[in-house]
Amino acid sequence: MRPQWQRHRLSQDRLAETAEDLLGKGFRLGLVAAHDDGAAFRVVYLFLAGWPDRRVELECVVPKGDPAIRSLAYLSFAAGRFEREMADLYGVRCVGHPKARRLVRHAHWPEDWYPMRGDAPPAPEFDGAGRFPFVTVEGPGVYEIPVGPVHAGLIEPGHFRFWVAGETVLRLKARLWFVHRGLEKLFEGRPPGGAVDLAERVSGDTSIAHALAHCLAIEDALGIELPDEMHRLRALLVELERLYNHAADLGALANDVGFGIAHAHAQRIREQLLRLNAVVTGNRLLRGAIRPGAVAVQALPDVTALRRIASDVAEVAELTLQNTVVYDRFAGTAVLQQDDAHALGCLGYVARASGMRTDARLEHPTTALPVTEVEAAAGDVLARYTVRRDEFAASTELACHLIESHSGPTAHAESAPVPHASRSGIGIVEGWRGTIVHRVEIDAANRITRAKIVDPSWFNWPALPVAMADTIVPDFPLANKSFNQSYAGNDL
């Protein structure tokens with residue numbers, strides 16, 4: 001299904017005017033990607049809109065002698081964060097940015113080392129912890145509670161700083177990027193068919209959706225068109241990934257308020273789904289099933305087994321919410337209002353639980369799917385729980401539809417042409433957390449020169465502190481789990 005595409009190279013003044021016009025027409029900023037073209041920097045802004053699928057790329061060239069670009073932070077919160085990332089990794093200053101603080105670069109990073117530049121030297125010695133102060137909140141009875149970056153469980157590192165009066169949270173600040181992997185840099189120089197293993201490891205629990213977004217971007221750049229049955233098989237794999245993650249989250253949320261029996265059953269169900277994945281693709285996380293121009297599954301799932309699992313999940317969810325203690329802890333906790341979710345650019349179940357309509361399967365489809373839209377309005381932990389519950393049921397029926405309507409082989413491959421000039425491509429997928437966007441550029445030598453990746457966690461992490469305002473400290477583990485954002489997907 002072909003999107004409506006526009007690409008424009010603009011001056012900085014025209015860039016701001018055009019961006020403002022697109023945002024006013026209902027587009028959202030999908031990504032900002034800087035490029036080192038040798039003689040100059042080039043910054044690409046991708047704006048997206050759905051119903052129908054529309055994509056607009058704006059390019060602006062920035063001279064290397066004075067790498068500065070006019071900030072769009074006054075138009076978009078997301079733009080301001082992309083600009084801070086670009087400043088940290090490329091050294092491109094964003095003039096007029098209201099809060100041009102470091103984002104990715106922690107204080108111990110050298111001041112003049114920009115690792116994404118083409119001429120960047122190897123990583124130097126990092127000297128000590130450095131100083132990276134937080135905003136201070138003061139007042140009678142106000143005190144700070146630091147949590148992390150090292151946590152008691154196996155989660156990745158993240159630091160959360162609470163300013164509290166009694167038990168009431170006045171302000172929460174999250175600081176991430178403790179294990180920046182330089183993942184986007186690792187794509188550079190790889191052939192178009194030789195980077196899926198990296199895409200599968202952007203965020204391990206989202207292996208198939210990131211692999212698909214990467215492959216769609218490669219196929220878009222190379223002009224590869226796939227038959228509809230290939231897109232439908234790929235869609236099935238994404239739904240299987242959605243199922244095992246949502247099942248795990250339903251249990252983990254119950255566990256955070258002491259209802260361990262629901263967690264135990266959810267883990268049992270998750271294991272059933274992971275074993276089903278292994279039968280379908282040979283890998284519990286579905287890795288290896290999708291490549292540029294190709295998809296292969298070993299067997300289609302048993303629809304009877306899927307529907308039996310869905311009934312099991314529905315029963316566990318019903319028992320969970322019938323427990324009055326659980327319900328009271330979920331309802332009204334960590335509310336994210338729709339206006340705030342929209343302003344922050346939230347995606348996926350976080351956005352849908354706050355009343356936003358967003359789903360890349362409908363906004364940016366590769367094939368027509370009978371997707372049942374699920375949303376809630378309250379924006380609290382309960383809404384984020386019930387959206388997951390209802391999405392599990394809807395995803396099961398979608399998967400069963402794809403299985404029952406499938407005909408023909410379960411493996412397909414299309415040959416990948418070699419480009420004769422530099423090309424770019426976009427891949428958009430509705431992963432289980434929300435919309436994933438990959439953008440790639442491939443040169444005439446058939447090598448990837450740039451890969452930009454945006455996991456939905458990039459947009460959703462800033463919403464957690466907003467939802468935590470006026471809650472109490474014991475709400476944090478529950479609120480954090482109700483968002484359940486990826487550290488790895490955010491910190492590439």
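## Strands and loops

Strands here are DSSP runs of E at least two residues long, numbered from the N terminus. In this predicted model, one loop runs between β3 (40-49) and β4 (54-63), and Pro52 lies in that loop. Trp51 is found in the loop between β3 and β4 as well.

The peptide bond from Trp51 to Pro52 is cis, with omega near 5°. Trp51 also has a positive phi, near 55°, without being a glycine. Trp51 counts as partly exposed because its relative accessibility is 37%.

## Two further backbone features

Most peptide bonds are trans, and most residues other than glycine have a negative phi. The bond from Gly148 to Pro149 is cis, with omega near 15°. Pro149 sits in the loop between β7 (142-147) and β8 (159-165).

Asn484 is not a glycine, yet its phi is positive, about 45°. Its place is the loop between α16 (476-483) and α17 (487-490). Asn484 is buried, at a relative accessible area of 15%.

## An annotated stretch

An unreviewed UniProt entry lists residues 29-122 as "domain: NADH:ubiquinone oxidoreductase 30kDa subunit". Over residues 29-122, the chain is 36% strand and 15% helix. The end C-alpha atoms of this stretch are 32 Å apart.

## A helix pair

Helix α5 (residues 207-222) packs with helix α6 (residues 228-255) at an angle of about 150°. Their axes are 8 Å apart. The two helices are therefore roughly antiparallel to each other.

The α5 side of the contact includes Ser207, Leu212 and Glu219. On the α6 side are His231, Arg234, Leu237, Val238 and Glu241. The contact residues divide into 7 nonpolar, 2 polar and 3 charged.

Technical notes:
Residues numbered from 1 in each chain as written. Predicted model: local features only at pLDDT ≥ 70, side-chain atom pairs only at ≥ 80, totals over all residues. Heavy atoms only, no water. Axes fitted to C-alpha atoms, helices over the stretch in contact; angles between N-to-C directions. Helix = DSSP H or I, 4+ residues; strand = E, 2+ residues; numbered from the N terminus. Parallel < 35°, antiparallel > 145°, perpendicular 65-115°, else oblique. Contact = heavy atoms within 4.5 Å. Nonpolar A, V, L, I, M, F, W, Y, C, P; charged D, E, K, R; others polar. UniProt positions renumbered as here; feature names shortened; annotations may be inferred. Buried < 20%, exposed > 50% of the residue type's maximum accessible area, 1.4 Å probe, protein only.
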